[in-house]
Each structure stands twice: as C-alpha cells, then as structure tokens.
Amino acid sequence: MRSAKDFFRPLAVGAPQPLTEIPARPSRAIHFFDPSNEKMAAKIPQMVGTVDVLLGNLEDAVKADNKVAAREGLVRIAQETADLGGQSGSTQLWTRINALDSPWVLDDLTTLVPAIGDKLDVIMVPKVQGAEDIHYIDRILAQLEAKAGLARPILVHAILETARGVANIEEICGASPRMQGLSLGPADLAADRRMKTTRVGGGHPGYLVRQDPPRGDDGTAQIDADRTTYQQDLWHYTIARMVDACAMHGIYPYYGPFGDIADVVACEDQFRNAFLLGCVGTWSLHPKQIEIANRVFSPSVEDIRHARRVVAAMGDGTGAVMLDGKMEDDASLKQCLVMVQLAEELAAIDPKLKAQYDAITLD
Ligand SMILES: CC(C)(COP(=O)(O)OP(=O)(O)OC[C@H]1O[C@@H](n2cnc3c(N)ncnc32)[C@H](O)[C@@H]1OP(=O)(O)O)[C@@H](O)C(=O)NCCC(=O)NCCSC(=O)C[C@](C)(O)C(=O)O
Ligand SMILES: [Mg+2]
C-alpha cells in the first residue's frame, strides 16, 4: 500500500506536482474516433467545440495493422487542430491506449507523451485489473512527463472490463492522485464474467421480472395468464458500485458504449439511467450519440428551476419547509445544490444551455 504522503510528491524527479483535486470539467460525451480512419479523422477539426471530449482510440476497434497509423494520426490531429486539448482547449483531448499486456502500449506512451503531452488531458487505460496497473502507468507517466518538461500532470481514467477489476474497484480509484474517473466496459466485462449477452451495453429482453399471476376463484395461481414483464438493467449493479467508489475518492463515473447505434431511444434510456444514478457522462461512438449525451447529461430547465426554488425557500439552509406540497430540508437542499452546481459548470462552456438556464424565473 502506498503512503498518502506519496500523493503530494511527483513519482519522478522533475515531473509536475500531482493535483490534490480532480477538476470537474464537463465531459458529458467522450466521443471516440479512430485516428487511422481518414474519413473519421477529417471530421475531427469541425467537431471541436460541439462535444466536451474527443478521444483518439488506439485500442479495440482499431485493426492490428493500423495501430501505428492510429498513434501517428492522433499525434498529427493533436498538433494541427486548434482549440483541442490542454487547459485552454474548448474541447478536451483524451486517448485510449492499448492494453497493458499488448505489444503496442509502451510505444503508445513513449510516443504520445513527448509529442502531445501538453495537449492530452486524460489517458484512458483499458482492462484495468487492480491498483498495480495504475501504479505502473503512474510511474511511467511521471518519468515521461519529467523528460518532456510538462507543467501539468496527465490524468488517468480506468475502464472496468474484468471481474477482477470490479472486485478491486475501490483500490483502483484510490491508486493514484492522477485517477480522474471510471467507465464501464460492458462488452469485455460480459465476456470475462461469462455473462450471456452478446450486446455492447444496453439491456436484454431475457433479463426481466414478471408480474405475479392472478388467482382463480379457488385461489390457484393462473401462471398462463397474461402478465406484464419489466425488462431490467443488466448493468445496474456495476454502475452503482462505480458511482460509490468514484464518489468516495472524489473522481468521476461514466457509463460507456451503447453499441446499438440505430436504437437512439434505448440509448437515451441507458444514458439517463446512468445520469440519474450519478454518472457525469458517457461515451459516444457515432456522431448521432453526441446530441443524446449532451441533452441527457445536462439537467433540464425544469430541474434547475425546482432546484433554485428550493435553494431560495431554504434561506440559511437549515430546517424544513413545504414547497408545492412537499417537504424540503437540509438534505434535499444538498440534492438541489448538486444540480445547481452542475448547471453552472455546464453554462460556463455551453452558451445555448446558459441562455436557457438564465431565462428561468422562479415564480
Ligand atoms: C460504429 C461505426 C463502425 C459505424 O460507422 P459507419 O461508417 O458505418 O457509420 P455511418 O453512419 O455510415 O457514418 C456516417 C459518417 O460519419 C462518420 N463517422 C462514423 N463514426 C464516426 C465517429 N465515431 N467519429 C467521427 N465520424 C464518424 C463516417 O465516417 C461517415 O462519414 P462520411 O459521411 O464522410 O462517409 C463507427 O461509428 C465507429 O467505428 N465508431 C467508433 C467505434 C469505437 O470506437 N469502438 C470502440 C469503443 S466501444 C468498446 O471498445 C467496447 C469496450 C468499452 O471496450 C467494452 O465494452 O469492452
Ligand atoms: Mg473493451
């Protein structure tokens, strides 16, 4: 186990000072693109400013033959695209490096950090199994940052894609002051757990609960009668664990991929479940998922109006009041402040949303 004091000093001589708090930068959609795909790469400059995070993916979904081209493509895009990445970029730049047991990951790190380390905000690490994986990345990033003379530490985001990763979730979140957040990797996780869904995220019609059977006059259960079924969320347990582990460590949970690109309705539902449970954002695999994520992960005007009314009604923040027939008190005020604070963070980067929130009246 590392001493808490280690968190206050860099892991390599000359590396930037670790952060004591992870900035709450809006990241409603983390939009994935393959930098080796010329058609996709060509779209990236015009997407800056329309999405909170652009992520150059180097891992799964990039063909083995294209790994070098993807890495080099990401360097080129980062160097040539204005306003992308770093503290002043209007859109953050993230990458997903190859897995720690792959032949590509070391070259990913040793190429990206010297070339574009000042623009890379977050490195997403796939298939994280335990704190030891984060310690490895932490040390090597410090060495590379020191060599490159970077002023700001690159943050680290872990994808939960194995049963062992889920079992070690708390130690992963607390393994380094660089830890920025967690995402769900439902496809690899399903395979590793030997779950029987072949979908990339989303529900499954077989995972359901059924209404009790009606009773006949003699009290017998009529099991063949029509009964409503309710499809359940396969990912509820894992996402709830992620939310707790992240909140405990002051970092941020994200949903992950929704592979049924055509089913924008179910995608919106899955995103909203994650938003309601405490996630701050999700992945977008296709341009049409960005708008869904931005909408779902921004509190509605109605929610912000209600939250502001509670704040106003609660005065000094203590005691209990009635508002619209409902009790509000110190705790419900805190719930409302979560919404108000999120609205302020989003309004600071999204002028359209700011105009909607500014137009809210309280009576
Ligand atoms: C799904 C695919 C194949 C459909 O690609 P398509 O070309 O068939 O789609 P389209 O609707 O025909 O595309 C329309 C236009 O949009 C472009 N386009 C399309 N997608 C994008 C994009 N993302 N960013 C920017 N542009 C994009 C595309 O190039 C095309 O351009 P055009 O009009 O000039 O012809 C494609 O969207 C894609 O490859 N998306 C990214 C997939 C990806 O990154 N997967 C990995 C993350 S999920 C994962 O790894 C799992 C996990 C966590 O590890 C675990 O659960 O275990
Ligand atoms: Mg995966």
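Reader: I am looking at helix α12. Which exposed residues sit on the face turned away from its buried side?

Author: Good place to start! That face of α12 carries D330, A331, K334, V338, Q341 and E344. Keep in mind that this is a predicted model.

Reader: And which residues of α12 are buried?

Author: To call a residue buried, we count 20 or more other C-beta atoms within 10 Å of its own. In α12, L333, C336, A343 and L346 are buried. Looking down the axis, the buried residues of α12 fall within an arc of 150°, so they line one face of the helix.

Reader: What covers those buried residues?

Author: The cover includes α11 (301–313), β12 (326–329) and α13 (351–358).

Reader: Now the ligand. Which residues come nearest to ligand 1?

Author: There are 22 residues around ligand 1, and F32, A61, G185, A187 and D188 come nearest. Elements giving two or more residues to this shell are β1 (29–33), α1 (38–47) and α7 (186–193). Sorted by class, the shell has 12 nonpolar, four polar and six charged residues.

Reader: What does UniProt annotate for residues 31–199?

Author: An unreviewed UniProt entry annotates them as "domain: HpcH/HpaI aldolase/citrate lyase". Over that stretch, residues 31–199, the chain is 43% helix and 17% strand, with the end C-alpha atoms 20 Å apart.

Terms used. Residues numbered from 1 in each chain as written. Chains lettered and ligands numbered in written order. Predicted model: local features only at pLDDT ≥ 70, side-chain atom pairs only at ≥ 80, totals over all residues. UniProt positions renumbered as here; feature names shortened; annotations may be inferred. Helix = DSSP H or I, 4+ residues; strand = E, 2+ residues; numbered from the N terminus. Near = placed C-beta within 6 Å. Nonpolar A, V, L, I, M, F, W, Y, C, P; charged D, E, K, R; others polar. Buried ≥ 20, exposed ≤ 12 C-beta atoms within 10 Å, placed from the backbone. Arc of directions from axis to C-beta. Contact = placed C-beta atoms within 7 Å.
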